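Here are my notes for anyone opening this one for the first time. Have a look at the structure, then go through the points in order.

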Amino acid sequence: MADIINFIDGNVQIIFERGPTPAETYRDAIWLTQAQYDVITAEEILTIQQQRYDNWLALTSMTPDYSIDSTEQ
């Protein structure tokens with residue numbers, strides 16, 4: 001999916017998605033003021049998108065490092 005850019009009340013919403021398959025797709029939106037959007041580069045937007053995806057991927061692939069022992073009183 002290509003990014004969707006909406007202009008809403010002086011703000012800019014950039015909707016994007018990343019992922020290897022439709023079932024494992026991360027969807028998010030970046031909100032910027034119009035002034036921020038006017039000066040940010042396409043590369044900076046891609047970097048923000050990738051950072052958010054990487055953070056999501058790290059969180060969703062974490063395994064707990066603890067166990068619950070139901071026999072403990």
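1. A residue is called buried under 20% relative accessible area, exposed over 50% and partly exposed in between, using a 1.4 Å probe and protein chains only. With that in hand, Asp-28 sits at 22% and counts as partly exposed.

2. Some ground rules. Residues are numbered from 1 along each chain as its sequence is written, and side-chain values use heavy atoms, with hydrogens and water left out. This is a predicted model, so local features need pLDDT of at least 70 and side-chain atom pairs count only at pLDDT 80 or more, while totals for chains, interfaces and linings use all residues.

3. The protein chain has 2 helices and 3 strands, and along the sequence they come in the order β-β-β-α-α. Helices (H or I, at least four residues) and strands (E, at least two) are DSSP runs, numbered from the N terminus. Of the 73 residues, 18% are buried. The accessible surface comes to about 5700 Å², with 55% of that belonging to carbon and sulfur atoms; these areas come from the Shrake-Rupley method with a 1.4 Å probe, and for residues only the protein chains shown count as cover.

4. Now the strands. Strand 1 (residues 4–8) and strand 2 run antiparallel and are joined by 5 bridges; two strands pair if DSSP finds at least two bridges between them. Phe-7 has Val-12 of strand 2 as its bridge partner. This hairpin has 2 residues between its strands, and Asp-9 there takes a positive phi near 50 degrees. Strand 2 also runs antiparallel to strand 3, this time with 8 bridges, and Gln-13 stands opposite Trp-31 in strand 3.

5. What does helix 2 pack against with its buried residues? Those residues are Ile-45, Gln-49 and Tyr-53. Seen down the helix axis they fall within an arc of 65 degrees, so they line one face of helix 2; the arc is that of the directions from the axis to the C-beta atoms. They pack against strand 2 (11–18), strand 3 (26–33) and helix 1 (34–39). The face turned away from this buried side carries the exposed residues Glu-43, Asn-55 and Leu-59.

6. Leaving out residues up to four places away in sequence, Gln-49 touches Asp-3, Ile-14, Phe-16, Arg-18 and Ile-30, where contact means heavy atoms within 4.5 Å.

7. Which side chains meet in salt bridges? The whole structure has 2 of them, a salt bridge being a side-chain nitrogen of Lys or Arg within 4 Å of a carboxyl oxygen of Asp or Glu. One joins Arg-27 and Glu-17, at 3.0 Å from N to O. Arg-27 lies in strand 3 and Glu-17 in strand 2, so this pair ties together parts 10 residues apart in sequence. Arg-27 is exposed at 54%, whereas Glu-17 is partly exposed at 22%.

8. Back to Asp-28, which forms a salt bridge with Arg-52, the closest N and O atoms being 3.0 Å apart. Asp-28 belongs to strand 3 and Arg-52 to helix 2, so the pair ties together parts 24 residues apart in sequence. Arg-52 is partly exposed, at 30% relative accessibility.
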